[in-house]
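Hi,

Here is the structure I promised to pass on.

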Amino acid sequence: MIGFRGRRAASAIAATLALSACAGSNIRPVSDTPVKIGQPYQVRGKTYYPEADQSYDMLGYASWYGRESGNRTSNGEQFHVAWITAAHRTLPLPTYAEVTALDTGKRIIVRINDRGPFGPSRRIIDLSRGAADDLGIIRQGEAPVRVRRIEPSDKDRNRLRSGKRARDLSPVSERILRNLRAQLARGPH
């Protein structure tokens with residue numbers, strides 16, 4: 001009888017492991033390939049049109065998110081709240097961007113691997129908690145930023161793909177910040 005119970009327990013454990021392996025198979029490894037542009041999609045009645053905009057350079061607002069830790073991102077990777085990642089509505093997944101806090105001039109490189117922010121908002125990017133903390137905007141909740149698509153070095157790509165920060169970037173000068181703030185205040189033309 002003990003042998004039967006032991007075999008039953010072993011079968012139950014094996015079944016649990018098999019199911020957990022199946023559940024985890026929908027999370028893909030962190031990789032820069034394939035790059036996913038994607039088809040137009042709708043969220044809350046609004047249609048978004050992903051595109052490979054090599055010259056993307058926008059002013060707007062950033063917020064941050066972090067309660068979704070462990071969930072799957074839009075490109076299939078696991079979301080890690082402490083990693084330096086972000087969500088964008090239309091840039092290809094993954095994409096790398098330089099994000100500048102217009103309040104301080106601090107700049108960081110983020111890896112965009114998710115979709116968002118959605119809903120009526122002036123936000124152009126959602127940062128992971130790690131990215132918002134690194135940029136120094138965690139307490140603000142929402143902050144004015146410049147988001148510029150870049151092609152970082154292989155070393156920076158490797159660091160971001162493994163959950164580490166990219167190299168430190170020098171801050172933007174006060175003269176340039178005044179210009180960017182004035183452009184943001186004027187709004188789109």
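Below are my notes on the strands and salt bridges.

This is a predicted model, so to speak of local features I needed pLDDT of at least 70, and side-chain atom pairs count only at pLDDT 80 or more, while totals for chains, interfaces and linings use all residues. Residues are numbered from 1 along each chain as its sequence is written, and side-chain values use heavy atoms, with hydrogens and water left out.

Start with strand β8 (residues 142-150), which runs antiparallel to β3 (residues 57-65) with seven bridges between them. It also pairs with β5 (residues 95-101), again antiparallel, through six bridges. (Strands are DSSP runs of E, at least two residues, numbered from the N terminus; two of them pair if DSSP finds at least two bridges between them.)

R148 in β8 is the bridge partner of D57 and also of E98. The side chains of E98 and R148 form a salt bridge too, at 2.8 Å from N to O. That contact ties together parts 50 residues apart in sequence, because E98 lies in β5 and R148 in β8. By salt bridge I mean a side-chain nitrogen of Lys or Arg within 4 Å of a carboxyl oxygen of Asp or Glu.

E98 has a salt bridge to R107 as well (3.1 Å, N to O). Both E98 and R107 are buried, whereas R148 is partly exposed at 28% relative accessibility. (Buried is under 20% relative accessible area, exposed over 50%, partly exposed in between, with a 1.4 Å probe and protein chains only.)

The whole structure has 15 salt bridges. R28, D32, E77, R111, E151, R157 and R161 are linked in a network of them.

Cheers

Methods. Helix = DSSP H or I, 4+ residues; strand = E, 2+ residues; numbered from the N terminus.
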